[in-house]
Amino acid sequence: MTDASMPTSSDAKPRTPLTTVDARTKKRKAAEARFRMYGIAGIATGIFFLIVLLASIVASGTGAFQQTFINVPVYLDPAKLDKNGNRNPAELAKVSTFGYTPLIQEALLTQVQNNGIETPLEKRGDMKAMISASAAAQVRDVVLGDPDMIGETVEFRILASSRVDGYLKDRVKREDVARDKNIDAEHLDLVDALVPLGIVQKTFNIDFITGADASESRAEAAGIGVSMIGSFFMMLVVLVLALPIGVAASIYLEEFAPKNRLTDLIEVNIANLAAVPSIVFGILGLAVFIQFMHLPQSAPLVGGMVLTLMTLPTIIISTRASLKAVPPSIRDAALGVGASKMQSVFHHVLPLAAPGILTGTIIGLAQALGETAPLLLIGMVGFIASNAPDSIASGLLDPNSAMPAQIYEWAKRADPAFYERAWGGIIILLLFLITMNTIAVILRRRFERRW
Amino acid sequence: MPLLWLTVIVLGLSLVGYLLGRQRAMQSASGDSRALHSLPIYYGMNALMKAVVPALGLMVIWLLAQPLVIENRIADMIPASATADDTNLGLVMAEVRRTAEGLDNAVAAGLMDEDTASNARADITDVTARLKQAGQVVTNQITQPVLRAAQAYRVMSATSNTIMTVAVLLVALAGAGWGVLQSGRDFRARNVVEQGILVILIAAASVAILTTIGIILSLIFNTIEFFRLYPAADFFTLLEWAPSFSGRGGASSLGILPLLWGTIYISIVALIVAVPIGLFSAIYLSEYASPKVRGIAKPLLEILAGIPTIVYGLFALLTIGPLLVSVFGKDGVGWMGGGRSVMTAGIAMGIMLIPFVSSLSDDIINAVPQSLRDGSYGLGATRSETIKQVVLPAALPGIVGAVLLAASRAIGETMIVVLGAGAAARLSLNPFEAMTTVTAKIVSQLTGDSDFASPEALVAFALGITLFVLTLGLNVFALYIVRKYREQYE
Amino acid sequence: MNDMRVLERDVDANATKIAARGVQVYYGDTHAIKDVNVDIQDKTVTAFIGPSGCGKSTFLRCLNRMNDTIDVCRVQGDIHIDGEDIYDKRVDPVQLRAKVGMVFQKPNPFPKSIYDNVAYGPKIHGLAKNKADLDDIVERALRRGAIWDEVKDRLQAPGTGLSGGQQQRLCIARAVATEPEVLLMDEPCSALDPIATAQVEELIDELRQNYSVVIVTHSMQQAARVSQKTAFFHLGNLVEYGETGTIFTNPEDPRTESYITGRIG
């Protein structure tokens, strides 16, 4: 064969010089740039959604950490609170909150009049819309705690009503109050007048973080503290159950399990359980723990057990990964000096895998902490209006709520004032999750070993 | 005896066993631990394990079996007449239990003395009144058989508890004693302990199987119960979902089709949002992005995966919903009635699924061998041509698997649809209308006030089994595809 | 050796196709190619030999800018093909690679049919006017890849289903389908058995009629069998470059001699 006998088309067709880009290449370049833009657009959209989500959480939720209070000196009238004048606690306790409400309203009215504010609201009862329904209980608790106060004028910082609070936070608009039966324009005028005097004051609200849930009509008093304790109890249960069971199961599957049907069955089960919708675990909890075993509803113990079953696959999968990461040479070395298989695993492999196991466990816990659906089914939405110390004492078997379930409860309520609470609850929940994940990341960075 | 104390005592016994076992072993070797077969600690552990494991195991089994056995016996005491008029036996049993608990609590609170509580001839009205006074929930009026049964229930429970306590303690003692007696210098304690630990490890690994069995049994039994009260054919074919709230059975139409339609519609919307965004992100991250960009963008996207679903639910209800209403609502196009709709929930769910799709696709695209890309570049293909014509076709099965996994996630998602999708079951094509899903109805049927034995509540289990089968099937199929795909390039 | 003398005569007749001057390549901080100058002739098989990691493959990948796909890789110096600087900013690597084809170490057919594998290049470069034209191009390429007879009855079968040697010839056919002027081969036979290797080597010798072929190889015997010119690389340096016969029988540099005689490598 010679060159002439087999002419190539590359000889026949004149090539454009490389330095000039031909039309077709230009078109292809444009297609390339377009495709690249799709990719950037994809990521940008994803990050945009993230920013919108976080922004709306922060924008709507920070309000929950601020609350409007009214500073008034309340004259604790002995004629109303202690008719017999003997300061007998048993008798004092018989005076219900209805006995206190007029005193507080009177006190606020006096303040308004003393400061010379012009307002058509001249009756004691007109003050009702300003003050939270829980104010009376607040004053009553203080008085019962120290009966000697009766007869004196004591400075109180009581909760303002939800509408007043909403007005100061721009949630309640003047143009809307006409339709609102709970407050009207005159009250808003009064609020405007009281704010510069420092009588109505918006400050940081620790009660939201530590407090208990409140009834439908008292959004201003609702707090997430008690459900935080419920969540804490559940996490405790999850940690105590899921960590040992998960680690033991992983050790068995990774180190000891023979290749047989049972092992395969377990593997398949774990892989599938990881993908079962969380609500199904709720059904399981309801049917097995509550219907069958008659454990109490709304108990953190049951919630914790359901979440344990749900997080176990996560923990097992990550624990196995960190056991796998320990090189076989370590096991061989231990076996080589005459350790039993069990000793080599517990003395050498497990300690080396511990940081990875811990990281996986924390991530599993974080996942469990944010889970809501199964908790709804086992009734972890107990309405606990009592404050923190009482329910701490009550523990694992008494009804409680959990943070995400509490947020769900608030989101369902009709009064938009609760939405702010829900967003605020989400901020707290996310802070917990961020902390847990940060710890996990730090652990991983710190102890990550490259073999 | 409270369980906590029983557990503590068993643990105490085992600790004593540990110390004695260790000591006895040392004695047998006349204080020289080198003469022992195993380290001294293993002799102690042997006794400890023999005390704790069987004793606590017995306790757990007893506690599980006790209510079953007692209820079986009690059931005989309740005359057929009490359960005849379409009242379910389960309901009566629940009442018996409630009454028994009420009696317990009333006695504990000092409102009733033990005699009254256990007196078979006690006046029913009096007992009811007292229970009510003690703040115990009691249904209208306790009937004679129910009170009798409740009293028997209390007695049996108490006896059973005593027997259990004694048995558990005996088992613990015997176990500890056995372990201690075994502790001699030639006893192969380490091997025995390691065998024991292995059994514990196997038991832990079996929890996964037990969970699956638990799920399947609880779904199946209740579903069978449901189909006994409600025709299965109606459940699967009726085009209407209208549970009655007052009446029982009969009046309700419980067809799953509208719920399935809502579920699928919302999932489709979610996938339409998530798949393009997630897939293009994955393509960019794996084929174009510099390591630096990847190092920032990938974790940022994955934050979306770490956010609890309740947050997305709230986001749907309070941010996306109002936003959609302002565009498509009556002030805008007028297609949308309220904030809750298929779109509302679908978009939120789509956002949630973006990182899911992107990280799965990322893995799958990265599994395509570099040699294929080189081959394509070597022929003068641009990156996008290489991706579209070589990488994506090669990765297609894996990506399909990833999308199916995402679909299974979407179908099983609960909180977003509970808050964002609405409560009305509807067969409609308008994505701006409120619809409801299987998961949302499971929640509402099981958290409502409907009686636990009524078809309105039991239907949730039939819905649950449908959901379980659907998601499991999708998952198994998707995982199979992905595994096949990976094997191809290994 | 008779054979080799014939080849030498051919070489003299051909013009310079690729000219490299002062080429330096860095992988991050590693200096992979150090100041390489080489002239590669048209219608000639040039072999790059040398121990593993000596930079021969890296240098080969500079010739069609495949190194552009690696982020940390930097190339300095001039490489001209037909007098055009291929690292000129105006040069599109896509166009360049159509002109400089490449065959890889491991056969890497796309997971498509045999036909689609070969048609891929012509399609993206728009070489075919219509389907019949494309069929022609595919057939011509497969014939030139010396695999037509084996696959003509199953063009729609997946390319991955062929044997290793067939796959590699398919990849060569795929490379020649875009009608390149230079064919770069990166150890094309290292994954093949001896019979397949012989077939591919025969093919390379035929390809010399139309292309400038540059082949990287581990096997000195292969270099001696297929090439007219040989370049010996060592630790990123081009140690010696010349007639294949000379390199193997009478090398100038002691390092070349050590490698040829098996003392380094």
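## Chain A at a glance

Chain A holds 19 helices and three strands; helices here are DSSP runs of H or I with at least four residues, strands are runs of E with at least two, and both are numbered from the N terminus. This is a predicted model, in which local features need pLDDT of at least 70, side-chain atom pairs count only at pLDDT 80 or more, and totals for chains, interfaces and linings use all residues. Residues are numbered from 1 along each chain as its sequence is written, while chains are lettered from A and ligands numbered from 1 in the order in which they are written.

Along the principal axes, the C-alpha atoms of chain A fill a box of roughly 125 × 70 × 40 Å. The radius of gyration of chain A is 33 Å, whereas a compact globule of 451 residues would have one near 22 Å (taken over C-alpha atoms; the globule rule is 2.2 Å times the number of residues to the power 0.38).

## Annotated spans

The unreviewed UniProt entry annotates "transmembrane region" at several spans of chain A, including residues 232-253 and 299-317; such annotations may be inferred rather than shown by experiment, and the positions follow the numbering used here, with feature names shortened. In the model, residues 232-253 of chain A are 100% helix and 0% strand, with end C-alpha atoms 30 Å apart. For residues 299-317 of chain A the figures are 95% helix and 0% strand, with 28 Å between the end C-alpha atoms.

## Where chains A and B meet

Chain B brings 68 residues to the contact and chain A brings 67 residues (two residues are in contact if their C-beta atoms, placed from the backbone, lie within 7 Å). On the side of chain B that touches chain A, helix α8 (residues 189-229) of chain B gives the largest share, with 20 residues.

## The nonpolar core

The largest nonpolar core has 310 residues, and Ile104(A), Leu314(B) and Val357(B) are among those with the most contacts inside it. Such a core is a set of buried Ala, Val, Leu, Ile, Met, Phe, Trp, Tyr and Cys residues joined through C-beta atoms within 7 Å; buried means 20 or more other C-beta atoms within 10 Å of a residue's own, exposed 12 or fewer, and partly exposed in between, with C-beta atoms placed from the backbone. Helix α10 (residues 257-288) of chain B supplies the largest share of this core, 18 residues.

Beyond its neighbours within four places in sequence, Val357(B) contacts residues including Ala274(B), Gly278(B) and Ala406(B).
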